[in-house]
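Hi,

Here is the structure I promised to pass on. Have a look at it first, and then read my notes below.

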Amino acid sequence: MPKYLLLLILLGFKIHAQPLKVVVKNPLGFDRNDVTAISREQLEFWLKAHDKRNFRIKMEGTEAYLPVQWTDYDQDGKYDAVLFQANVPANATVNYYIVPDSLKRKSQSQRAAYAQFSPERGEGLAWENDKVAFCIYGKSGKKSSNAAAFSSGVDLWLKKVEYSIIENWYAKSKKQPGYYHEDHGEGYDGYDLGDGRGVGGSGLFVKDSLHIPDGFSSYKIWENGPLRVTFEVKYKRWSRFWVEETKIISLDMGSNFSKFEVYFTANTKAPDYSVGISLHDNKGKARLEKEVGWARYWEPIDDSYLGEAIIMEPKIIADMVTYTDAEHDRNHLFVVTKPRDQLTYYTGFSWLKSGQVKNVEGWDILVQQQILKLNNPLEVSVLGN
């Protein structure tokens, strides 16, 4: 073999073997530990030379590989990006390096975004990350086992550990009914959903009356961690407007907020679409910030406190109201939208016993930081590609 050809081969090997530098910039004035994405286009050169199964990424100055997740945004069968969780101080930049490695395994962790369907408990579909856990219900649940089985509201599971609890709680509740309604050290399901909207459930306002669907009729889990869980639920025609509704719900590691992308149709022009937070006995404190697109509720729960919030683009909000009624399940804070067939919003919470916030002021800060994050995502650059 000619020497110059051998040299080119060796140089080519050396170029492909060099780590690929990823620069992540945080433009905000507080520390962030966010799931972020490197697009397929940014990795095009690297992917031509390497199998994506051997993709590894680590922070500069460390040797441990980080968990990653390849994601397909539109479910067309082609991966659009790879996710990893970037830890970046306030107003700072942190370097990460991509390397090919077929020998050393990727990081495995109990801390994961995760979803699970349970036909036994009102056809519950629960999802969680290291901060929070939620649950919604199907329409065929056994009414005798759980009154919330027919509800289309969003239930909350209060956890105070970073590792996954859903699978374990479901399993233990089969042997010991009601197990996770008591706190055994990890948290508990103490939220009263009933027929209320919970935190982020939807409905239609018709002459000051709220119309809501039954539980979901079908579901499909698109991706199940470790960094992001995404799933789709469909609701069959409901109300006299024959509304059909599809929700795509996702939750990232490190976030207190689930993202809801809602698509709906009706056979006639439907009234205002509303997203609510249950006020229960009206013993909490509501705050409505229509101009900047968020509303929250801070309420007592057993021997602690719970903060809930909805975030939505201000331009699509028609009104924010608190609605009271003689019936417990009908007391709500509502974010009312202008008529539309697609809606995106974020809903989340923080339980005082989780240690994530210390008071209502801390919850307000967390909500406002979430809005800043949505408007100022981490900036990711791939160098040497």
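(A pocket here is an open set of points on a 1 Å grid over the protein atoms alone, where a 1.4 Å probe fits, with protein on both sides within 12 Å along at least five of seven lines; lining residues have an atom within 4 Å of a point. Points are joined across faces, edges and corners, and the volume is the space filled by probe spheres set on them.)

Before going further, bear in mind that this is a predicted model: local features need pLDDT of at least 70 and side-chain atom pairs count only at pLDDT 80 or more, while totals for chains, interfaces and linings use all residues. Residues are numbered from 1 along each chain as its sequence is written, and side-chain values use heavy atoms, with hydrogens and water left out.

Back to that second pocket. H4 provides the largest share of its lining, six residues. (Helices, H or I of at least four residues, and strands, E of at least two, are DSSP runs numbered from the N terminus.) By class, the lining has five nonpolar, nine polar and eight charged residues. (Ala, Val, Leu, Ile, Met, Phe, Trp, Tyr, Cys and Pro count as nonpolar, Asp, Glu, Lys and Arg as charged, and the others, Gly among them, as polar.)

The largest pocket has a volume of about 780 Å³. Its lining comprises 31 residues, with Val35, Arg228, Asp252, Lys259 and Tyr346 nearest the centre. Strand E2 gives the most, five residues. In this lining, 14 residues are nonpolar, eight polar and nine charged.

Lys259 stands opposite Tyr346 in E24, where E17 (residues 257-265) and E24 (residues 342-351) pair in the antiparallel sense over seven bridges. (Two strands pair if DSSP finds at least two bridges between them.) E17 also forms a hairpin with E16, with four residues between them, and Gly254 in the turn has a positive phi of about 85°.

Elsewhere, five strands make an open antiparallel sheet in the order E13-E12-E18-E23-E22. E13 (209-211) and E22 (317-323) are at the edges with a single partner strand each, so one side of each has no neighbour in the sheet.

Cheers
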